[in-house]
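Here is a brisk report on a two-chain model. Keep the sequence and the 3D view open while you read.

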Amino acid sequence: MTETARLLADDPIWLILIKVVALFAFLVVMTLLTIWAERRLIGKMQHRPGPNRAGPFGILQSLADGLKLAFKEDIRPVLADKWIYIMAPVLSAGPALISFSVIPIAPEVTIFGERTALQLVELPVGLLVVLASASVGVYGIVLAGWSSGSPYPLLGSLRSAAQVISYEIAMGLSFVAVIMYSGTLSTAGIVEAQSGGWFFALLPFSFGVYAVAMVGETNRAPFDLPEAESELVGGFHTEYSSLKFALFFLAEYINMVTVSALATTLFFGGWHAPWPLSLIGDGMLNTGWWPVLWFLGKTLMFLFLFVWLRATLPRLRYDQFMNLGWKFLVPLSLVWICGVTAIRGLRNTEAVSSGQFLLVGGGVIAVLIVATLLIPDREPPEPAEPEAPLSGGGHPVPPTDLKVPPTPPRRTSAGRQRLPEGAEGADSTTKEAPDGNV
Amino acid sequence: MLDPYIPLVLMFALAFGFAVFSVAIAPLVGPRRYNKAKLDAYECGIEPSPPPVTGGGRMPVAYYLTAMMFILFDIEMVFLFPYAVSADSLGMWGVAAVVLFVVSFGLADIYLWRRGGLDWN
């Protein structure tokens, strides 16, 4: 039982209610501000002002958009499966709101004379709550696409689900080393374990995998394939309008805030003050309300990273994206876990001294380096023959004897009806152009 | 002393209550302007094509394979978590066991990879 759990155990019910409502309001306000900040920042990065009309610096823009959405017509397509179509946004937004409740924001504060921790729940299985809500959130996406009765949302939801579950594996595997070093699944315990040093320096590979996986998990650029506008219109929420659409949007941004806060908790020391500041006044900045500042600062840094990525990187192709997940992140995470396990086990064993450990480790690394030198270089590919003849200017020119295929007869419903029975076969052979296009 | 799960249950109630309220109130506050075309599936053609699932269409089998792989790897993950929590008390015996587990799982993964199960066309 951690210190946080003991503090939370004697919370009166009114304090719990205040915290629940405050956390809910915090998440909704963070969503509004994140959307606004994202549009402003991308605007700055693209040399345009971004939203600047509603309120000071346009800060009320997303609030106005949200209000506007509430007064838009609520459409249900005729082909949609009624109840599942209505349920999907609820299943998407609900888990997103829940998963933030295990994040520790500050260790010990006093609210109206009551000593408590700034965290809604402290459970021995805190991390599993986050993973479980992420898994349930996938149902919202899949069911939204399936129930819309329309091809684009279905394709978008399939892509989205495959993407989220693939990167959930990588994300879960990146947790394993962190859990090993902190010895607990509780989020407050993990933050507590980082008082000596943050885990991103100790476990750089785990952090790298998590950083990639959190972008893939939330369907954000450059991994926003489910919403690839040029291919799939809007993705799984194409058929949704009004507040149902707003719920999907809310879920996406809350998930962004949650994974950023989780990155802070797992790898960046949670509410701990950054290094030079943590020495001031014998850790004075790690008590009271100060930790809220550090926690928010680190979380906002990750949110900025999301926006920066979106403004910088082009979208990946789907096969590249799946290859990155299954052929790079997952196998290397497994190797990394084995390595961390073995090293940790050896370090804790009395029989092996540090000198022997370093000697054997150095030997293994030397053998591996020699082995990589023995791998032959890949043969360079043969230079391809230029297919089109080049004229003097270096531009390809069409061949002089180019045969233009005859224009296929147009298929109209009236024309097809007038055709006799026997002409059906001839029609189907001529309507195909020579290059295979119909 | 209250059960530690009570705040989570309250958050659950508030989150789903809010979501259900939003979905329920949307048709009441919004306008209603009937238009047959608006209720069709969003597509470029004049007549929408039959929906891929309910219309008897197919979807790429690769998604099915991904889902199966997810289940397998998720179970592997579930086995690794309890080990990681008590890694220090299990000592070298635990290390040997978990490395053996990951390696035997990795062999199946390599087989899947070589047979093209991870390729996406």
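## An exposed loop residue

A:Val397 is exposed, because 11 other C-beta atoms lie within 10 Å. The scale is this: a residue is buried if 20 or more other C-beta atoms lie within 10 Å of its own, exposed if 12 or fewer, and partly exposed in between, with C-beta atoms placed from the backbone. A:Val397 sits in the loop between helix H15 (354-374) and helix H16 (413-418) of chain A. Helices (H or I, at least four residues) and strands (E, at least two) are DSSP runs, numbered from the N terminus.

A:Leu359 belongs to helix H15 of chain A. A:Leu359 also counts as exposed, because it has 11 C-beta neighbours inside 10 Å. From A:Leu359 to A:Trp308, 51 residues apart along the chain, the C-alpha separation is 43 Å.

## Ground rules and confidence

This is a predicted model: local features need pLDDT of at least 70, side-chain atom pairs count only at pLDDT 80 or more, and totals for chains, interfaces and linings use all residues. Residues are numbered from 1 along each chain as its sequence is written, while chains are lettered from A and ligands numbered from 1 in the order in which they are written.

The model scores ipTM 0.86 and pTM 0.80. Chain B averages a pLDDT of 81, and 85% of its residues score at least 70. pLDDT is the predictor's confidence in each residue, from 0 to 100. In chain B, confidence is highest in H1(B), at a mean of 89, and lowest in H3(B), at 85. Where pLDDT is low, the predicted coordinates should not be read in detail.

Chain A has 17 helices and two strands. Of its 438 residues, 43% count as buried. Take the contacts between residues at least 6 apart in sequence: 76% join residues at least 24 apart. Two residues are in contact if their C-beta atoms, placed from the backbone, lie within 7 Å.

The largest nonpolar core has 121 residues. Such a core is a set of buried Ala, Val, Leu, Ile, Met, Phe, Trp, Tyr and Cys residues joined through C-beta atoms within 7 Å. Helix H6 (residues 151-182) of chain A gives the largest share of this core, 19 residues. Those with the most contacts inside the core are A:Ala170, A:Val176, A:Tyr210, A:Ala263 and A:Leu266. Leaving aside residues up to four places away in sequence, A:Tyr210 touches A:Met171, A:Ser174, A:Ala263, A:Leu266 and A:Phe267.

## The hairpin and positive phi

Strand S1 (residues 106-111) and strand S2 (residues 114-118) of chain A run antiparallel, joined by four bridges. Two strands pair if DSSP finds at least two bridges between them. A:Ile111 stands opposite A:Glu114 in S2(A). The hairpin has two residues between the strands, and A:Phe112 there takes a positive phi near 50°.

Most residues other than glycine have a negative phi. A:Phe57 has a positive phi near 55°. A:Phe57 lies in the loop between helix H2 (13-45) and helix H3 (61-70) of chain A. A:Phe57 is partly exposed, because 15 other C-beta atoms lie within 10 Å. A:Asn219 has a positive phi of about 55° although it is not a glycine. A:Asn219 is in the loop between helix H9 (204-217) and helix H10 (229-232) of chain A. A:Asn219 is buried, because 23 other C-beta atoms lie within 10 Å.

Chain B has three helices and zero strands. Its pattern along the sequence is α-α-α. Buried residues make up 17% of its 121 residues. UniProt, in an unreviewed entry, places the feature "transmembrane region" at residues 6-29, 61-84 and 90-113 of chain B. UniProt positions are given in the numbering used here, feature names are shortened, and annotations may be inferred rather than shown by experiment. Residues 6-29 of chain B are 100% helix, with end C-alpha atoms 34 Å apart. Residues 61-84 of chain B are also 100% helix, with end C-alpha atoms 35 Å apart.

The contact takes 59 residues from chain B and 74 residues from chain A. On the chain B side, helix H1 (6-29), helix H2 (61-85) and helix H3 (87-114) each give two or more residues. H1(B) gives the most, with 17 residues. By class, this side of chain B has 44 nonpolar, seven polar and eight charged residues. Ala, Val, Leu, Ile, Met, Phe, Trp, Tyr, Cys and Pro count as nonpolar, Asp, Glu, Lys and Arg as charged, and the others, Gly among them, as polar.
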